[in-house]
Amino acid sequence: MAIQIIRLSDLIEASPSIDEVNKILLSFKSIPHPLTGEVNDVEFFLHEKAISFEKMALSTTYLLFSPCNGKNILVGYFSLANKPLTMSKKNYNNLNNRQQRALCQNGSKTESGGYRVNSYLIGQVGKNYSEHASRIRAINGTQILTLAYDMVLKAKELINARYVWIECENTPKLRNFYSDFGFEVIENYETNSGLVVMVMKLK
């Protein structure tokens, strides 16, 4: 089944009103947090932040549609940002020697003694688990991540960077999902919100 990739900014420009755009975005449903039952961050971002981030050029969101009975159904999305991976001196010192050497060769030292690595961030990777989208089974998580990675490679041709990174909750399921794709956990490094950082060198 063919997947159509549409930039959120293009959808906003082509739509008669922002309400029409919001109606499409609100059709996206994720799996609630397994412990708290709260709305997943992937859903919250698309519903509450994606449009404003797009307008402020903080990130670019790509919507994935699949045709079904003459209509295009939102089946997933991903968001990207040209955002350096910045780590404090403490976090840098916690890296193993191999990771220090690799990142040091592709980054610059900050005034505070940490490091800044020129890189791309895959900020969100989300599959639509609404009843309608789930019924057509158009795409899976690995395929969405592959589309995001391929888009990063295209961006790399214009603005060079050596790494792509992600942040995720520290659960075996998510860590294994990204590890199987090729991402490597930066050990002993957690963000202020307690997320794990994983990085992969771009080919």
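A salt bridge here is a side-chain nitrogen of Lys or Arg within 4 Å of a carboxyl oxygen of Asp or Glu. By that rule, the structure has 3 salt bridges.

Before the details, a note on the source. This is a predicted model, in which local features need pLDDT of at least 70 and side-chain atom pairs count only at pLDDT 80 or more, while totals for chains, interfaces and linings use all residues. Residues are numbered from 1 along each chain as its sequence is written, and side-chain values use heavy atoms, with hydrogens and water left out.

I will take the salt bridges one by one. When I say helix or strand, I mean a DSSP run, numbered from the N terminus: H or I of at least four residues for helices, E of at least two for strands. For accessibility, buried is under 20% relative accessible area, exposed is over 50%, and partly exposed is in between, with a 1.4 Å probe and protein chains only.

R98 pairs with E184, and their closest N and O atoms are 2.2 Å apart. R98 is in helix 5 (residues 97–105) and E184 in strand 9 (residues 184–190), so this pair ties together parts 86 residues apart in sequence. R98 is partly exposed at 44% relative accessibility, and E184 is partly exposed at 30%.

Next, R135 and E131, with an N to O distance of 3.6 Å. Both sit in helix 6 (residues 131–136), 4 residues apart, which is about one turn of the helix. R135 is exposed at 54%, and E131 is exposed at 64%.

Then E187 and R175, at 3.9 Å from N to O. This pair links distant parts of the chain, with E187 in strand 9 and R175 in helix 8 (residues 172–181), 12 residues apart. E187 has 40% relative accessibility and is partly exposed; R175 has 23% and is also partly exposed.

Now helix packing. How do helix 7 and helix 8 pack? Their axes are 11 Å apart, at an angle of about 50°, and helix 7 covers residues 141–158. The axes are lines fitted to C-alpha atoms over the stretch in contact, and angles run from 0 to 180 degrees between N-to-C directions.

Which residues of helix 7 and helix 8 meet? On helix 7 they are G141, T142, L145, T146 and Y149, and on helix 8 they are F177, Y178 and F181, where contact means heavy atoms within 4.5 Å.
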